[in-house]
Each structure stands twice: as structure tokens, then as C-alpha cells.
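Here is a set of questions and answers for reading a protein model. Look at the structure before going through them.

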Amino acid sequence: MAADYEYFKKEIMKMTSIDLNAYKEKQMKRRIDNLIMKNKINGYDNYVVALKTQKELFDEFINYITINVSEFYRNPEQWDYMDKKVIPDLVKRFGTRLKIWSAACSTGDEPYSLVMALSRHVPLNQIKITATDLDKTVIAKAKVGLYDAKSIASVPADFKKKYFTQVGPSFKISDEIKSHVTFSEHNLLKDRYDINYDMIVCRNVLIYFTDEAKDEVFKKFYTSLKPGGFLFIGSTEQIVNYKEIGYSRENSFYYGKGM
């Protein structure tokens, strides 16, 4: 069985450029085994064949193995710190046309939250967010911009009233906000990172990576940040060796790159 899973990982790498070795094996293998059982497929080798020949199974697999738990203004106190401290500092250092990356952006909740948060300090027409994710399915959902009540529960009341329209039980974000986010596919473990970002936001994703993979990504984020920029991570994460990489710890979830 172990040899079969090794074969499976190699085949997935060939098919998708997704390196399953970078994920905690016990958690990832359990998710994949659940999918195989759900589809009544006998073993990893047969599942590989099915993924290569059945688009709906392939799309389901990609959607299932990527972690897509997201909501607007998740952990509001951290966004409050951004509003009071981080954005004002960035505007003071770099002006109003900030270069910001929402990495592993899932269904768009985070980059759209960034647009709204920035709009308190910067004219809306000067805001542009780069948002990336490994999963094209969630990017497609993000571009639609339809969310349930739970997802938008922490959105400030004025933004909720101004930028969301109720559609049945769901809420659609306005094109006015959507137009300031550019989505694209990106693999944090494989693809090239752009540089000179004023802020990078990557939250509650790297907890699923091995320590080695996390370390690699945090180092790449550091290189991608402009001196004086900030990295915003999730409440379930920490950068243990942040000093070795070169970060300063601004608070529990914000790390700075020295000027």
C-alpha cells in the first residue's frame, strides 16, 4: 500500500505539478482515501486511471485536496490592527499605490476584504490586489463572488450595506470591489514569486505543509517583500525561525522586513 501511494504521488506530480510530498502525509492520505472510497474505486492505480480519463473526477480531486475554508475579515481583531497600524504605515512609507499579494486566496474572501480595508485609507481607483491560488475551481468561485451569510458575518456593517446584494439566501459582492482584484493560478511550492510587494497575505494554508515546505515558502515571501513591507499570516500559524530569515515580529500575525 505504501508503494502504491508513492506511485500515486509521482503520477499526480506529472499530471498537475502538485507535490503531495509537501503536505503532511497522514492528513493528505486520509483525504485521498476518502475520495477513493466515495467513488468506489479499487486502489490508487485505478484512481490514477480514472483521474486521467474522467474530467469530473479530476476536478473533484483538485477541489477536495486543496483546503478552501475562508471567510471575509477572518479574525476581525487582526484586520483591526491592519486598519490602525499596518495600512497607515505602508501608505506613509510607499504612498497610496500599494502592491499587495493575497496568496492561496481560496474563494476570494480575503482579497476582497483587502480591497475594502484599503478603501478606508486609499482611493478605490488606486487599489489593485493580486490574488492567486493553486485551485482553478475556487478561483472560478471567487470571480463569481457569491457567498453565504456565514462567510460575510464579520464584514463591517457599512461595507456589507454598500458592497453586497442579497440573492436568495446568498450575498453577491459588487463588481466595484471585484474589479480591483486580479486572479490567477499559482503553486506556492513550484512557481516563481514576483517581487517588490508592500504586503503579502497568506493565512491558514501553510499549516498543512511540512516544516521544510513552510520554511521554504516563508523565505520566498521574505525575498518577495519590499524592505519595509509586511507579511500577514493566519492565527493557526507562526514563523518559529523568523529572526534567522530576517523578519521582525510586529505582532502575533504580522512580520516585517526591515528597511
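Two strands count as paired if DSSP finds at least two bridges between them. The model discussed here is predicted.

Q: In which sense do strand β1 and strand β2 pair?
A: Strands of a sheet pair through backbone hydrogen bonds, either parallel or antiparallel. Strand β1 covers residues 100–102 and strand β2 covers residues 129–133, with three bridges joining them. Within this pair, Ile100 stands opposite Ile129 of β2. The sense of the pairing is parallel.

Q: Which are the edge strands of the open sheet of seven strands?
A: The order of the strands is β6-β2-β1-β7-β8-β10-β9, and the pairing is mixed. An edge strand here pairs on one side only. The edge strands are β6 (181–185) and β9 (247–249).

Q: What does the twist average from one strand to the next, and which helix packs on the sheet?
A: From each strand to the next, the twist averages 20 degrees. The helix that packs on the sheet touches β1, β7, β8, β9 and β10, and its direction makes about 140 degrees with that of β8. This helix, made of residues 211–224, is α10.

Q: Which residues touch the most other members of the largest nonpolar core?
A: This core has 47 residues. Several elements supply at least two residues each, among them α1 (2–16), β7, α10 and β8. The residues that touch the most other members are Phe8, Ile32 and Phe221.

Q: Leaving aside neighbours within four places in sequence, with which residues is Phe8 in contact?
A: Contact means heavy atoms within 4.5 Å. With the sequence neighbours within four places set aside, the contacts of Phe8 are Leu20, Ile32, Tyr44, Tyr47, Val48, Leu51 and Phe61.

Q: How many residues does the second, separate core have?
A: The members of this core include Leu114, Ala117, Phe159 and Ile173. The second core is separate, and its number of residues is 40.

Q: How many disulfides does the structure hold?
A: Cys105 is in no disulfide, and its nearest cysteine sulfur is that of Cys202. The number of disulfides in the structure is zero.

Q: Are α2 and α3 roughly parallel or roughly perpendicular to each other?
A: The axes of α2 and α3 are 11 Å apart, and the helices pack at about 70 degrees. Their contact includes Ile32 and Ile36 of α2 and Tyr44 and Tyr47 of α3. Angles of 65 to 115 degrees count as roughly perpendicular. The helices α2 and α3 are therefore roughly perpendicular.

Q: At roughly what angle do the axes of α3 and α4 cross?
A: These axes come within 5 Å of each other. Tyr47, Ala50, Leu51 and Thr53 of α3 make the contact with Lys55, Leu57, Phe58 and Phe61 of α4. The two helices are roughly perpendicular to each other, and their axes cross at roughly 110 degrees.

Q: Is Ser151 buried or exposed?
A: Ser151 lies in the loop between β3 (146–147) and α8 (157–163). Leaving aside neighbours within four places in sequence, its contacts are Ser70, Glu71, Phe72 and Asp109. Buried means under 20% relative accessible area. Ser151 has 13% relative accessibility, so this residue counts as buried.

Notes
Residues are numbered from 1 along each chain as its sequence is written. This is a predicted model: local features need pLDDT of at least 70, side-chain atom pairs count only at pLDDT 80 or more; totals for chains, interfaces and linings use all residues. Side-chain values use heavy atoms; hydrogens and water are left out. Helices (H or I, at least four residues) and strands (E, at least two) are DSSP runs, numbered from the N terminus. Axes are lines fitted to C-alpha atoms, for helices over the stretch in contact, and angles run from 0 to 180 degrees between N-to-C directions. A nonpolar core is a set of buried Ala, Val, Leu, Ile, Met, Phe, Trp, Tyr and Cys residues joined through side-chain atoms within 4.5 Å. Buried means under 20% relative accessible area, exposed over 50%, partly exposed in between (1.4 Å probe, protein chains only). A disulfide is a pair of cysteine sulfur atoms within 2.5 Å. Angles under 35 degrees count as roughly parallel, over 145 as roughly antiparallel, 65 to 115 as roughly perpendicular and the rest as oblique.
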